[in-house]
Amino acid sequence: MRNYELLRNWMVDTQLIPRGIKDKRVLEVMRKVPRHLFVPEKYRDDAYDDMALPIGEGQTISQPYMVAIMTELLELTGVEKVLEIGTGSGYQAAILAELAKEVYTIERIEALGENVREKLREMGYNNIYVVVADGSKGLPEKAPFDRIIITAATPKIPLCLTEQLNEGGIIVAPVGQRFSQVLIKAKKVKGILKEEYHTPCVFVPLIGEHGWKE
Ligand code: SAH
């Protein structure tokens with residue numbers, strides 16, 4: 001049994017701060033949320049290493065740095081209603097829920113979604129709503145959102161998501177080719193997305209109506 005709290009602090013001090021993550025609230029939750037509980041048991045001791053890990057169904061939990069930078073780019077203050085597309089392990093959703101008012105997270109693979117719903121309930125999160133559906137269409141029945149984060153690679157930001165975002169809201173997403181993307185932060189100003197380009201990255205694909213075909 002490893003000392004996971006020590007590993008978490010080591011992760012923040014060696015992987016996040018040296019690479020420029022500055023938001024104090026983001027660093028604080030990365031020191032707090034037990035990432036090892038979001039990975040399959042056999043990977044627990046690797047949970048704080050500098051990499052993505054398999055979570056079953058051919059999917060992955062993102063590298064800690066990627067979770068941190070995407071969260072920082074969302075500029076959460078505590079009052080926001082957030083939509084996450086790509087629940088995966090539920091780790092990013094838990095990080096968001098610590099920093100925002102409420103989080104709707106969509107997963108297309110039922111087994112992953114069910115598992116996360118159960119886990120988050122056990123962990124005591126009561127401001128995260130897990131929905132099993134094609135998230136490339138967003139979640140119109142709960143729109144508008146203040147923030148949208150896509151944690152799967154997308155060929156472009158689907159127009160329907162811009163429509164489901166409040167004015168002044170922010171979308172963060174890995175946009176590009178199927179096997180290589182750039183992290184984009186886009187702010188909705190007068191109805192139009194103003195895009196900023198950040199780090200290159202590699203995510204598993206968004207599969208669905210406005211993503212890639214299976
Ligand atoms: N945020 C996750 C990592 C996500 S991996 C975490 O913290 O662990 C990407 C996830 O997006 C996968 O679980 C995949 O099944 C899911 N996904 C892919 N296409 C999707 C779609 N159209 N709608 C919802 N989820 C999708």
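## Helix α6 and T162

T162 sits in helix α6, which covers residues 159-163. The model is a predicted one. T162 counts as buried because its relative accessibility is 9%, and the cut-off for buried is under 20%. Beyond its neighbours within four places in sequence, T162 is in contact with I157, I171, K188, G191 and L193.

## Cysteines

What is the relative accessible area of C160? The value is 17%, so C160 is buried. C201 is buried too, because its relative accessibility is 7%. How many disulfides does the chain have? The count comes to 0. A disulfide would be a covalent bond between the sulfur atoms of two cysteines.

## Overall build

The chain holds 6 helices and 9 strands. Its C-alpha trace spans about 50 × 35 × 35 Å along the principal axes. The radius of gyration is 16 Å. A compact globule of 214 residues would have a value near 17 Å, so the chain agrees with that expectation.

Buried residues make up 52% of the 214 in the chain. The accessible surface comes to about 10,000 Å². Carbon and sulfur atoms own 52% of that surface. Among contacts with a separation of 6 or more, 56% link residues 24 or more positions apart.

Strand β4 spans residues 102-107, and strand β5 spans residues 128-132. The two run parallel and are joined by 5 bridges.

Helix α5, residues 110-123, belongs to a β-α-β unit with β4 and β5. The unit is right-handed.

## Helix α3

How many of the 10 residues of helix α3 are buried? The count is 10 of 10, across residues 64-73. The buried set is P64, Y65, M66, V67, A68, I69, M70, T71, E72 and L73.

After α3 comes E75, with a positive phi near 50 degrees.

## Backbone exceptions

Most residues other than glycine have a negative phi, and most peptide bonds are trans. E57 is not a glycine, yet its phi is positive, about 60 degrees. E57 lies in the loop between β1 (53-56) and β2 (59-61).

K190 is another non-glycine residue with a positive phi, about 50 degrees. Its place is the loop between β8 (181-189) and β9 (192-201). Is K190 buried or exposed? K190 counts as exposed, because its relative accessibility is 75%. The cut-off for exposed is over 50%.

The peptide bond between A143 and P144 is cis, with omega about 5 degrees. Where does P144 lie? P144 is in the loop between β5 and β6, and β6 covers 145-150.

Conventions. Residues numbered from 1 in each chain as written. Predicted model: local features only at pLDDT ≥ 70, side-chain atom pairs only at ≥ 80, totals over all residues. Heavy atoms only, no water. Pairing = 2+ DSSP bridges. Helix = DSSP H or I, 4+ residues; strand = E, 2+ residues; numbered from the N terminus. Right-handed = clockwise from strand over helix to strand, strands pointing away. Rg over C-alpha atoms; globule rule 2.2 N^0.38 Å. Buried < 20%, exposed > 50% of the residue type's maximum accessible area, 1.4 Å probe, protein only. Contact = heavy atoms within 4.5 Å. Areas by Shrake-Rupley, 256 points an atom, 1.4 Å probe, with all protein chains shown as cover. Disulfide = S-S within 2.5 Å.
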